[in-house]
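Please open the model in a viewer and keep the selection panel at hand.

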Amino acid sequence: KMTQQMRDLQLAQARKPPGPSSPNAAKRLYRNLSGKFRVNYTSFDEGSLAGRGEKEKLRKRGRGGGGRFQSNAALFEAVELQDLDRVQELLKQYSPEELDLNTPNSEGLLPLDIAIMTNNAPIARALLQAGAKESPHFVSLESRSLHLSTLLREAEQRVNELTAQVVNEAPNADCSEKEKQLKAWEWRYRLYKRMKAGFEHARVPDPPSNVHLSVASSSSVQVTFWEPLSVNSAVVTKYKVEWSCSPTFSPLLGEAVVDKLKSLHYTIRGLVSGTAYYVQVSAYNMKGWGPPQASVPPFAIPSNWREYDGRAPRRRGQAEALDHLLGQVKTVHQHCVCHEPCKNQPQSRKHSVSKSLKHLFHAGSKFLKTLKRGLYLTAIFYKDDNILVTHEDQIPVVEIDDTYSCLLMQDFLWFTKVSCMWDEILWLRQCVTVSQSSCSCILQTRFKMLLAISQMQGLLGIQDLGQVFFEPIKDKQGNILIVTLKEVKTNQTFESVRWVPICKLQTSRKSVSSPEEPTALDTLLISVQDKLAYHQRSSHALSPGLYLGYLKLCSAVDQIRVLVPEQLPNILCHVKIRSNPNISREEWEWLQKMASMEEPVPAEPEAETSQNHLFQELQAAIKELMTLVNIPLQEAKDFRLYSQEVLDFGGQVSFLLLLPPSDDVCTAPGQNNPYTPQSGFLTLPLQIFELGEKRG
């Protein structure tokens with residue numbers, strides 16, 4: 001009967017796709033046989049193991065032969081064979097649920113159990129980062145030892161039985177089957193022996209290393225740590241964070257277990273501002289908890305730099321005040337006759353708004369094919385590698401003013417501010433209409449800008465035209481092109497425009513100008529990828545943390561420009577100081593003392609304090625920033641740290657500013673400017689930078 005069962009199992013294996021040869025084949029044979037030769041494990045819950053067997057049967061029946069079961073078996077096989085590449089491939093290909101990552105097998109083991117008891121640290125770390133856990137059955141050292149001894153004894157017994165049968169039987173088909181089983185059990189015996197030896201020789205882990213404590217806010221502190229330095233112990237699978245108001249940790253105020261090991265940190269929340277808290281961290285492996293390691297500094301006091309002088313956030317209430325001011329302006333104009341059409345606009349339906357805009361123009365309103373001497377508006381909408389063009393394969397362009405030959409910077413900067421109110425263009429246009437009695441040339445130009453925006457919105461059927469590129473495109477023929485850019489996230493179709501690949505548009509367009517004197521449209525088409533890259537980079541956000549920014553300005557006749565990195569043009573040139581964005585009251589107090597000292601190099605603060613750690617972080621950040629902006633390090637002694645405030649951005653990003661000597665903060669016209677786009681920097685008009693910073 002047993003022989004027939006083994007033949008049936010072999011036939012079932014033969015139907016599966018061919019896999020690796022022994023010992024893999026032997027291991028798979030063992031996996032199928034192991035359920036039939038299991039003994040009673042007194043240290044385990046029989047009901048849970050039986051339930052596991054039922055789950056395996058269900059998985060075999062489901063998904064066309066058990067896709068989940070096969071992936072789970074493949075993971076066990078890869079871990080047992082110590083195949084790190086295969087383990088990483090499976091973890092990337094399947095979710096933890098699809099792999100049954102934390103469901104014990106028929107031997108009561110999890111993949112992580114096998115990895116840590118064979119002391120395979122790389123595989124264990126890969127499993128831990130994927131969310132793997134240890135078997136819940138190992139409630140004590142004794143239960144783990146007993147279970148390993150039972151598995152080892154069973155495997156040794158089966159090896160002895162099969163060896164005797166192979167020796168005593170004549171060569172035949174049954175003997176060949178028994179030889180395969182013998183190889184499987186011999187391989188299994190060696191695995192269990194290696195696991196038992198790994199468990200017996202392991203010891204509790206050393207303390208975690210680099211345990212650093214910092215103030216995260218007025219009511220929280222954050223502790224970060226690294227793995228223990230010793231590599232002679234078993235793999236650490238979790239950590240414990242403990243905190244107290246006493247340096248002896250008695251009484252203990254709280255503790256937390258960190259078992260998600262992708263990033264080793266923990267934030268202790270709900271603390272009392274102004275109270276000192278001591279923190280220590282200990283590590284755990286299969287032999288238990290190791291000794292705790294106290295943090296550096298040994299305690300932290302929850303606080304924020306604003307508590308130094310009780311200063312309120314600069315931007316508090318600003319958005320509400322501006323909304324209120326805009327509402328007041330609208331109220332003043334709402335009784336004008338020219339605003340009656342505005343009241344009838346259904347604000348909740350963008351499509352209706354788009355159609356209502358079209359009545360503003362006569363039937364001949366359409367996109368331009370060529371430019372004459374004047375001021376124009378073009379809108380670039382893109383998705384992946386495609387761009388919106390008219391049916392004539394032209395980028396959408398409308399005329400602003402055909403008599404405007406020299407764009408004044410103030411008009412352009414006014415246009416960029418209007419881009420924050422695309423939904424209010426009709427209302428703004430009517431307000432400017434009321435004010436036209438003054439016959440101001442500036443108002444005439446700005447009214448035409450609003451009219452061109454409305455025309456573009458109406459022809460496209462889109463209200464939001466996106467972000468204004470930081471400088472207009474000019475050519476020698478007297479054309480000036482204001483460019484807006486917007487990325488379309490969803491698949492949309494439009495009546496008057498269509499999607500085409502950018503490369504196809506660039507190769508198919510026939511230039512009407514010479515290479516020496518290209519028109520503004522040709523220049524736009526040649527540089528469109530650069531402008532799209534700028535637009536994408538200008539919307540990137542910084543990761544949470546404290547940064548050191550470099551403020552450098554350049555003045556011109558009609559504007560002030562600010563130096564920014566080409567790769568992130570919505571932020572000042574910067575380097576990251578640390579991941580914690582909060583500056584504590586003690587740190588800020590130290591910075592104030594440093595700024596008020598006459599000596600250029602202050603004395604180093606006491607060791608094992610948060611001020612000393614900030615001092616070291618600032619030193620490293622200043623060196624990195626000087627290298628980034630190509631300034632000799634010896635000149636850094638003349639630079640100043642802006643000590644009036646910390647610049648906060650949304651609570652997750654904050655900046656300290658590094659300022660050049662007062663004579664060099666702003667480069668005057670005619671002075672040498674070493675920062676060019678070729679060196680990785682841009683100089684943006686200050687107003688453009690401010691708008692970009694708000695978007696970022």
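The model is predicted: local features need pLDDT of at least 70, side-chain atom pairs count only at pLDDT 80 or more, and totals for chains, interfaces and linings use all residues. Residues are numbered from 1 along each chain as its sequence is written, and side-chain values use heavy atoms, with hydrogens and water left out.

**Stop 1: His265**

Select His265, which is placed in strand 5 (residues 265-268); helices (H or I, at least four residues) and strands (E, at least two) are DSSP runs numbered from the N terminus. His265 is partly exposed, with a relative accessible area of 34%; buried means under 20%, exposed over 50%, and partly exposed in between, with a 1.4 Å probe and protein chains only. Leaving aside residues up to four places away in sequence, His265 touches Gln222, Val223, Thr224, Phe225 and Val258, where contact means heavy atoms within 4.5 Å.

**Stop 2: salt bridges**

The whole structure holds 18 salt bridges, each defined as a side-chain nitrogen of Lys or Arg within 4 Å of a carboxyl oxygen of Asp or Glu.

Select Arg125 and Glu227, whose closest N and O atoms are 3.1 Å apart in a salt bridge. This pair links distant parts of the chain, 102 residues apart: Arg125 is in helix 8 (residues 121-129), and Glu227 is in the loop between strand 2 (220-226) and strand 3 (238-244). Arg125 is partly exposed at 37% relative accessibility, and Glu227 is partly exposed at 36%.

Move to Lys448 and Asp401, which meet in a salt bridge of 3.3 Å, N to O. Lys448 lies in helix 16 (residues 441-460) and Asp401 in strand 11 (residues 397-401), so the pair ties together parts 47 residues apart in sequence.

**Stop 3: helix 20**

Finally, select helix 20 (residues 585-596), whose 12 residues reach 17 Å from first C-alpha to last, close to the 16 Å expected at 1.5 Å a residue; the expected span is 1.5 Å times one less than the number of residues. Its buried residues are Glu587, Trp588, Trp590, Leu591, Gln592 and Met594. To see what covers them, display elements including strand 19 (573-578), helix 21 (610-628), strand 20 (640-641) and strand 22 (653-659).
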